[in-house]
Amino acid sequence: MNELFKKQVFEIINIIPKGRVTSYGAIAKAVGFPNHSRHVGNALRNYKEDFPAHRVCNSSGFITASCLEKFTKKLNKEGIQVEGNRIKNFKKIFWNLLEEI
């Protein structure tokens, strides 16, 4: 994974609106690598505390990051409900960069 890819991933995640979520795959597609959702996840191994990584989940609305409890709290503060490790109303709050910008 090169630094340009990682930079683009972080730029997209920084503009996800509060109260919305997107998927690893949607981000990969937006940066021109539609089959590289796993690389998006790998790019998120290191980020600053205030970075909105909690707004990224898998394509089914499941939080797959190892910090489930922390992400759930952050999402709840934004009005997003999580049951178990799945985001409720995922399709309704899904943010697709390619359609909304």
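## Asn96 and the α5–α6 loop

In this predicted model, a polar atom of the Asn96 side chain lies 3.1 Å from the backbone nitrogen of Leu98. Asn96 belongs to the loop between α5 and α6 (97–100). Its relative accessibility is 17%, so Asn96 counts as buried, the cut-off being under 20%.

## Helix α1

The 12 residues of α1 should span 16 Å at 1.5 Å a residue, and the C-alpha atoms at the helix ends are 16 Å apart, in agreement with that value. At the start of α1, the backbone nitrogen of Leu4 has a side-chain oxygen of Asn2 within 3.1 Å.

Phe5, Val9, Phe10, Ile12 and Ile13 are the buried residues of α1. Viewed down the helix axis, they fall within an arc of 160°, and therefore line one face of the helix. An α-helix has 3.6 residues a turn, so residues three or four places apart point the same way. On the other side of α1, Glu3, Leu4 and Lys7 are exposed. The cover over the buried residues of α1 includes α2, α3, β2 and α6.

## The largest nonpolar core

The largest nonpolar core has 28 residues, of which Val9, Ile13, Val21 and Ile87 touch the most other members. Two or more residues come from each of α1 (3–14), α2 (24–30), α3 (37–43), β2 (56–57), α4 (68–77) and α5 (90–93). The largest share, 5 residues, is that of α1.

With neighbours within four places in sequence set aside, Ile13 is in contact with Ile27, Leu44, Phe51, Pro52, Ala53 and Val56.

## Aromatic pairs

The whole structure holds 4 aromatic pairs. In one of them, the ring centres of Phe5 and Phe33 are 5.7 Å apart and the planes meet at 75°; the pair is edge-to-face because that angle is over 60 degrees. This pair links distant parts of the chain, with Phe5 in helix α1 and Phe33 in the loop between α2 and α3, 28 residues apart. Phe5 has a relative accessibility of 6% and so counts as buried, whereas Phe33, with a relative accessible area of 37%, is partly exposed.

Phe90 and Phe94 also form an edge-to-face pair, with 5.4 Å from centre to centre and 65° between the planes. Phe90 counts as buried because its relative accessibility is 6%. Elsewhere, one aromatic cluster is made up of Phe10, Tyr47 and Phe51. Phe10 is among the buried residues of α1, and Phe51 is one of the contacts of Ile13.

Conventions: Residues numbered from 1 in each chain as written. Predicted model: local features only at pLDDT ≥ 70, side-chain atom pairs only at ≥ 80, totals over all residues. Heavy atoms only, no water. Core = buried A, V, L, I, M, F, W, Y, C linked by side-chain atoms within 4.5 Å. Buried < 20%, exposed > 50% of the residue type's maximum accessible area, 1.4 Å probe, protein only. Helix = DSSP H or I, 4+ residues; strand = E, 2+ residues; numbered from the N terminus. Contact = heavy atoms within 4.5 Å. Polar contact = N/O pair within 3.5 Å; in protein donor to acceptor, adjacent residues only side chain to side chain. Expected span 1.5 Å × (residues − 1). Arc of directions from axis to C-beta. Phe/Tyr/Trp six-rings, centres within 6.5 Å; stacked < 30°, edge-to-face > 60°.
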